[in-house]
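Here is a friendly briefing to read alongside the model. Have the viewer open and follow the topics in turn.

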Amino acid sequence: MDIVIWSRIQFAMTAAYHWLFVPLTLGLALVMAVMETLYVVKKDDFWKKTAKFWMKLFAVNFAVGIATGIILEFEFGTNWSNYSWFVGDMFGAPLAIEGILAFFMEATFFAVMFFGWEKVSKKFHLASTWLTGIGATISAYWILVANGWMQNPVGTTFNPDTVRSEMASATAFWEVISNPVAVSKFFHSVTSGWLTGGIFTVGVSCWYLLKGREKRFAKSSIIVGGLVGLLGCGCVMLTGDASGVHAAEFQPMKLAAAEGLEDGGRGAAFTIVPGIRVPKMLSFLATHDFNGYVPGINDILRGYTDNDGNVVPSVAEKMRMGRTALDALAEYRSLRESDPAAAAAARAVLEQNVQYMGYGHLEKPEDVIPPVGVVFWAFRLMVGIGMLMALALLLTLFFAWKDRIASKRWLLWAAIWCIPLVYICGQCGWIVAEVGRQPWTIQGLLPVNVAISSLSAGAVRTTFFVFLAVFALFLAIEIRIMLGAIRKGPEVEPENA
Amino acid sequence: MGSLGSKMKKVWELYRDGFRNMTWGRSLWWLVLLKLFILFAILRVFFFKPAMAGMSDREKSEAVGERITQQPHNQTDTLNLITD
């Protein structure tokens, strides 16, 4: 395998590993904050003990997950140096804000949450618990602003002198942080974290019921976790709808790949699984119009007219314009000091074609097609598992509410199995988002084969296996500590942290 | 000033007592420290040197500019075939 493949595999593995911890952090933060709120409102120590138990699991997950995102930044600098330079200005700001904010909010409120039970007032402690979760959520926003920009690079201008995308205008920063792709991605990701936290809480609680232990604690946790999970599930569906509309608008090839849609058109059908289709549903999901036009893979290759009447050029035409942009860039850079007038003319040509600059690096039009099978099935797994989660949560909530859940052993087992499933669901979501946008690191501007550093495949392969070993070790440690804490249960909690 | 000093003292005591009284949290801290050591003292130092470390901004823009203006060699033929 070549350097591009190894670099992509390594980055994918690191990002997937990071995403094992983030959703549970976001979800458990909400679960424990709701429980502590019940403690403060009801003045019942039971809820304090319950909240403290889930905080303990939150801390285990947080400790192992902490800094896993930093590895991605290492990889940017080492494996993706061209990309890092190209986006430096744009990426630096949100990531720096994220780092500073995360450090100060989490270092402050996290400490009060764990050390402050007997030191600060109930309300101050409760505020700290909420702010710990809010801090983690705001951190996620800045990361997703950076990711959203890669999917839909708004607010920046390519500077041929520095070879960077820069936030040149006064409104650029606002355009970047209000990027619709980033906003929908943020809500989709955070609420999928609530779903993960809810499923985890319900699944662990069901294990106690199977063992005949901690019955009041388990039933109460199922109700809180189930409601948080259901809220997350509903929001995931709504924000998933927004993500679909944005994919249709900004990344139609991703949508076509996710649907396995070779030839599109008006009133396009949605494929549930091959052979089972819902007429006009894809058009509705993509455009909120049952007769809306959805381009298929071949339409995108050949060029088409979108719903607003805009003519979208064929990929071959985009490649021509991309090559023109790259030739103009080379000319500008070679002449800017010796012949300013000719350089200015080259720059004007570059600016006319810059939006297709990345296409100039493609060898053939079919290079814009992502791995269709992977994206198609990852999308179906994500949606299918998500629906199973909703059903499982509804059933566990119903029987917990009726106080009959302990006798439904099949449901208790199902809830436990939902824990690994919800992680598969989240990973599939990222596969759709990231594999679906191949071959681009930055949509239309920079393909992966140009974004990478000049390294040997062997060097990246070595670090890949080093990471694999380190990640596996830490994951095994986390699971061991987590299972130990769960086995011990909420009853045994003499310590404050 | 006295009030501020008193508040700072309380903050200090919060952290000090919190760390002192930790039981299961202590092993988590060791885990965090071990991980940070592996990340920054081993992986960062030996495996993840930034590819353009030591270059000035001008040198970086030259290097990336050179790479970005290179185009695939067999692209022209493909485009001609499509046009035909």
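This is a predicted model: local features need pLDDT of at least 70, side-chain atom pairs count only at pLDDT 80 or more; totals for chains, interfaces and linings use all residues.

**A crossing pair of helices**

Residues are numbered from 1 along each chain as its sequence is written, and chains are lettered from A and ligands numbered from 1 in the order in which they are written.

**More on α1(A) and α7(A)**

- The axes of α1 (residues 3–42) and α7 (residues 180–210) of chain A come within 7 Å and cross at roughly 70°; axes are lines fitted to C-alpha atoms, for helices over the stretch in contact, with angles from 0 to 180 degrees between N-to-C directions.
- Helices here are DSSP runs of H or I with at least four residues, strands are runs of E with at least two, and both are numbered from the N terminus.
- On the α1(A) side, the contact includes V22(A), P23(A), L24(A) and G27(A), and on the α7(A) side it includes G193(A), W194(A), G197(A) and G198(A); residues are in contact if their C-beta atoms, placed from the backbone, lie within 7 Å.
- By class, this contact of α1(A) with α7(A) has eleven nonpolar, seven polar and no charged residues. Nonpolar covers Ala, Val, Leu, Ile, Met, Phe, Trp, Tyr, Cys and Pro, charged covers Asp, Glu, Lys and Arg, and the others, Gly among them, are polar.

**Two domains in chain A**

- The domain assignment, which is automatic or from a database, gives chain A domain 1 (2–251 + 374–496) and domain 2 (265–361).
- The C-alpha centres of domain 1 and domain 2 of chain A lie 32 Å apart.
- Domain 1 of chain A brings 14 residues to the contact, and domain 2 of chain A brings 18 residues.
- On the domain 1 side of chain A, α8 (215–250), β10 (446–447) and α16 (448–451) each give two or more residues, and α8(A) gives the most, with four residues.
- That side of domain 1 of chain A divides into nine nonpolar, three polar and two charged residues.

**An enclosed helix and a hairpin**

- Eight of the eight residues of α9 (residues 252–259) of chain A are buried, so this helix is largely enclosed by the rest of the structure. A residue is buried with 20 or more other C-beta atoms within 10 Å of its own, exposed with 12 or fewer, and partly exposed in between, with C-beta atoms placed from the backbone.
- Among the elements that the buried residues of α9(A) pack against are α8, β4 and α14 (372–401) of chain A.
- After α9(A) comes G260(A), with a positive phi near 60°.
- Strands β4 (residues 270–273) and β5 (residues 276–278) of chain A pair in the antiparallel sense over three bridges; pairing requires at least two DSSP bridges.
- The hairpin of β4(A) and β5(A) has two residues between the strands, and G275(A) in the turn has a positive phi of about 100°.

**Chain B and its contact with chain A**

- Chain B has four helices and zero strands, and 14% of its 84 residues count as buried.
- The contact draws 39 residues from chain B and 46 residues from chain A.
- α2(B) gives the most to the side of chain B that touches chain A, with twelve residues.
- By class, that side of chain B has 21 nonpolar, twelve polar and six charged residues.

Terms used:
Two residues are in contact if their C-beta atoms, placed from the backbone, lie within 7 Å.
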